[in-house]
Amino acid sequence: MASIQQGPNGPVLVLKESALQQKGKDAQQNNIAAAKLVAQLVRSSLGPRGLDKMLVDSLGDVTITNDGATILKEIDVQHPAAKMMVEISKTVDNEVGDGTTSSVIFGGALLARAEDLLNKDVHSSTIIDGYQAAADKTLEIYSDLAKKIQPDDKASLLKIATTSMQSKLISEDSALLSKIIVDAILSIATKKGDDYSVDLENIKVEKKAGGSIDDTQIIKGIVLDKEIVHSGMPTRIEKAKIALLNSALEIEKTELSSEIRITDPTQMQMFLEEENRMLKSMVDKLHDVGVNVLICQKGIDDISQHYLAKYGIMAVRRVKESDMIKLSKATGGRVISNLDDLSENDLGTADLAHQKKVESDKWVFIEGCKHPQSVTMLIRGGTQRIIDEVDRSIHDSLMVVKDVIEKPAIVAGGGAPEAFAASLLKDWADNFDGREQLAIKKYAEALETIPLTIAENAGMDPIDTMANLRAKQNQGQKWTGIDARHLKIADMMAINVVEPIAVKEQIIKSATEAACMILRIDDVIAVSGAPGGGGMPPMG
């Protein structure tokens with residue numbers, strides 16, 4: 001057993017009896033095989049003609065998607081090296097939102113090429129040095145290749161949003177949805193000097209089955225999945241003056257248990273009248289300031305509801321704190337804790353506040369805010385599964401538009417930059433006289449996996465396509481890539497297939513770092529029974 005080491009006076013037990021250990025080449029090959037399998041899982045979902053996966057969890061819930069991060073998040077990966085590949089997709093998703101499938105495929109390709117070199121007795125440290133040098137050079141090539149744009153150039157942003165949807169379920173509706181996405185991002189973008197920043201927390205996404213994808217809309221304001229509290233209240237108010245209250249419109253209970261002794265029915269009457277008067281004075285205060293819409297984070301007492309309805313004030317209660325913050329940003333109002341402090345300057349404004357039926361539920365819409373710093377996207381679709389996939393796709397598009405606004409540089413899609421960088425890397429590798437040259441050339445081969453996979457998934461002949469692509473790029477047509485929609489080689493910039501440079505850079509960084517980390521491992525020790533230790537594959 002691997003846990004027993006031979007000492008001068010017989011065997012010495014170092015690890016637990018149940019521990020499993022793999023050393024040297026066995027450990028490397030096992031880790032590389034696991035990582036390659038993860039890459040293989042998502043390979044067929046890359047590109048505009050990539051296919052979807054149906055994932056069924058232990059409870060029988062079904063997810064249908066071709067988003068790399070979602071696929072890998074939903075499947076329960078056990079092998080420790082495979083988990084590292086899942087981490088790549090999570091990192092890329094959190095950082096730039098798109099390119100999750102590409103990063104995993106590229107990471108798997110790097111390890112597959114490294115395996116060829118390991119079998120030829122090239123040391124893993126040499127491969128790692130070559131890979132890191134190649135990654136730095138690739139980032140340099142991308143930087144020179146990238147085309148600078150204006151952060152608020154709406155036409156370029158629309159192209160970016162549309163491109164990110166081409167491989168998704170929503171590609172047919174991309175013209176409408178990309179306009180919604182760009183409008184939403186530009187509404188909430190904040191400018192500091194020459195730079196812009198975007199906080200996606202300020203875009204509220206509400207999903208409701210019913211209608212179709214092209215019924216999706218942007219609301220310049222906030223949608224609350226709540227009903228108006230009292231049937232006597234108005235359900236539509238134009239030129240809304242909105243009070244945002246985060247305390248209850250109720251009589252406060254004492255913190256300590258206390259009691260009042262009543263000896264006379266008139267005292268009982270006085271007690272009830274005083275409670276009534278206190279609640280009325282709260283509502284009077286709202287009315288005096290000119291409030292016609294009340295949004296309350298806590299409860300609203302029945303008597304308060306009666307007086308609010310009498311004054312024609314629309315009220316909504318038990319609204320989430322996150323929605324209160326978004327309402328404040330959208331309407332320009334201030335969230336108030338104490339009614340005594342309320343003044344007219346604290347009120348938010350909107351053109352319209354109304355209750356509307358969305359499928360079977362009643363929701364309150366606060367619309368037509370003048371300069372909203374927070375907006376709502378209402379996603380519609382035929383079924384809940386379609387809506388969930390639309391939501392994932394829209395999230396990716398929002399992220400890539402944000403990436404471009406924050407780092408305004410773009411490159412063509414369709415595998416064009418990867419093929420271009422691979423060609424330059426092969427020539428650059430000749431400057432190295434050691435074995436690193438081999439690693440750099442393998443890195444270039446791995447980069448070509450991206451356009452190759454797009455072509456394969458579109459049903460094109462991979463060998464002819466890659467030969468044609470290289471020939472065109474060598475003639476100086478650097479934006480030549482694979483137009484998978486029309487099954488041909490084309491100038492991707494000319495057909496408006498563009499991607500943020502931030503996404504391309506993140507793919508290179510994440511995949512290279514993960515591949516190098518896996519290549520550094522030459523010993524795997526798994527102690528069964530330990531948390532997370534059950535993921536080792538069978539030895540043999």
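Asp 427 is found in helix H12, which covers residues 416-429, in a model that is predicted. Asp 427 counts as exposed because its relative accessibility is 53%, where the cut-off for exposed is over 50%. The C-alpha atoms of Asp 427 and Ile 440 are separated by 9.9 Å, and these two residues lie 13 residues apart along the chain.

- Helix H14 is largely enclosed by the rest of the structure, since seven of its nine residues are buried, namely Thr 449, Ile 450, Pro 451, Thr 453, Ile 454, Ala 455 and Asn 457.
- The cover over these buried residues of H14 includes helix H1 (24-43), H4, H12, helix H13 (436-447), helix H15 (462-474) and E20.
- H14 is followed by Gly 459, a residue with a positive phi near 85°.
- Helix H16 is mostly covered as well, with 16 of its 20 residues buried.
- The 20 residues of H16 (residues 501-520) should span 28 Å at 1.5 Å a residue, and this agrees with its end C-alpha atoms, which are 29 Å apart.

**Nonpolar cores**

- In soluble globular proteins, nonpolar side chains tend to be buried together.
- The largest nonpolar core in this model has 113 residues, and Phe 106 and Tyr 443 are those with the most contacts inside it.
- H16 gives the most to this core, contributing 11 residues.
- When its neighbours within four places in sequence are left aside, Phe 106 is in contact with Tyr 443, Ala 446, Leu 447, Ile 450, Ile 507, Ile 508, Ala 511 and Thr 512.
- A second, separate core has 41 residues, among them Ile 242, Ala 309, Val 319 and Ile 366.

- The C-alpha atoms of Gly 481 and Met 492 are separated by 5.8 Å, although the two residues are 11 residues apart along the chain.
- Met 492 is also one of the residues in contact with Gly 481 once neighbours within four places in sequence are left aside, and the others are Gly 414, Ala 416, Leu 469, Lys 488, Ile 489 and Ala 490.
- Leu 487, in the loop between strand E20 (480-483) and strand E21 (488-491), has a positive phi of about 50° although it is not a glycine, and Leu 487 is partly exposed, with a relative accessible area of 45%.
- Asn 496, in the loop between E21 and strand E22 (498-500), has a positive phi near 65° and is likewise a residue other than glycine; at 37% relative accessibility, Asn 496 counts as partly exposed.

**The largest pocket**

- The largest pocket holds about 590 Å³ of space, and of the 35 residues that line it, Gly 47, Pro 48, Thr 163, Ser 167 and Glu 499 lie nearest its centre.
- Helix H4 (100-119), helix H6 (154-165), helix H14 (449-457), E20 and H16 are the elements that give two or more residues to this lining.
- The lining residues of the largest pocket divide into 10 nonpolar, 17 polar and eight charged.

Definitions and conventions: Residues are numbered from 1 along each chain as its sequence is written. This is a predicted model: local features need pLDDT of at least 70, side-chain atom pairs count only at pLDDT 80 or more; totals for chains, interfaces and linings use all residues. Side-chain values use heavy atoms; hydrogens and water are left out. Helices (H or I, at least four residues) and strands (E, at least two) are DSSP runs, numbered from the N terminus. The expected span of a helix is 1.5 Å times one less than its number of residues. Buried means under 20% relative accessible area, exposed over 50%, partly exposed in between (1.4 Å probe, protein chains only). On a 1 Å grid over the protein atoms alone, a cavity is a set of points where a 1.4 Å probe fits but cannot get out, and a pocket is an open set with protein on both sides within 12 Å along at least five of seven lines; lining residues have an atom within 4 Å of a point. Grid points are joined across faces, edges and corners, and a volume is the space filled by probe spheres set on the points. Ala, Val, Leu, Ile, Met, Phe, Trp, Tyr, Cys and Pro count as nonpolar, Asp, Glu, Lys and Arg as charged, and the others, Gly among them, as polar. A nonpolar core is a set of buried Ala, Val, Leu, Ile, Met, Phe, Trp, Tyr and Cys residues joined through side-chain atoms within 4.5 Å. Contact means heavy atoms within 4.5 Å.
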